[in-house]
Amino acid sequence: MNSKRLKLIALRKERNMFQKDVVYLLKHLYGIEITESYYGMIEQGVRTPKLDIALGIAKLFNVPLEEIFFEKQPNKKLGNKTA
């Protein structure tokens, strides 16, 4: 089940950026070329980016990769409630 990447959306909006701004900066700062449509699908959780794109996005927003792209879910087998 895919879910929106709310943290990614919030990071962009906190900086008063549009999706096209993110795409532009990824290209011009890091040489990463993606479409605005593809970036929108990343935010919506429909697409999972390749590692180089995910790293570029994390670097652009100056946050750890896992903060954007990994959800912490309980591990029932290990008994962890916040794993």
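**View 1. The salt bridge between R15 and E14.** In this predicted model, the side chains of R15 and E14 meet in a salt bridge, that is, a side-chain nitrogen of Lys or Arg within 4 Å of a carboxyl oxygen of Asp or Glu, with 3.8 Å from N to O. R15 is partly exposed at 33% relative accessibility, whereas E14, at 57%, counts as exposed; buried means under 20% relative accessible area, exposed over 50% and partly exposed in between, with a 1.4 Å probe and protein chains only. Residues are numbered from 1 along each chain as its sequence is written, and side-chain values use heavy atoms, with hydrogens and water left out. As the model is predicted, local features need pLDDT of at least 70 and side-chain atom pairs count only at pLDDT 80 or more, while totals for chains, interfaces and linings use all residues.

**View 2. The salt bridge between E43 and R12.** The closest N and O atoms of E43 and R12 are 2.6 Å apart. E43 lies in helix α3 (residues 36–44) and R12 in helix α1, so the pair ties together parts that are 31 residues apart in sequence; helices are DSSP runs of H or I with at least four residues, numbered from the N terminus. E43 is buried, with a relative accessible area of 1%, and R12 is buried as well, at 8%.

**View 3. The salt bridge between E67 and K7.** Here the closest N and O atoms of E67 and K7 are 3.0 Å apart. Because E67 belongs to helix α5 (residues 65–69) and K7 to helix α1 (residues 6–14), the pair ties together parts that are 60 residues apart in sequence.

Notes. Helices (H or I, at least four residues) and strands (E, at least two) are DSSP runs, numbered from the N terminus.
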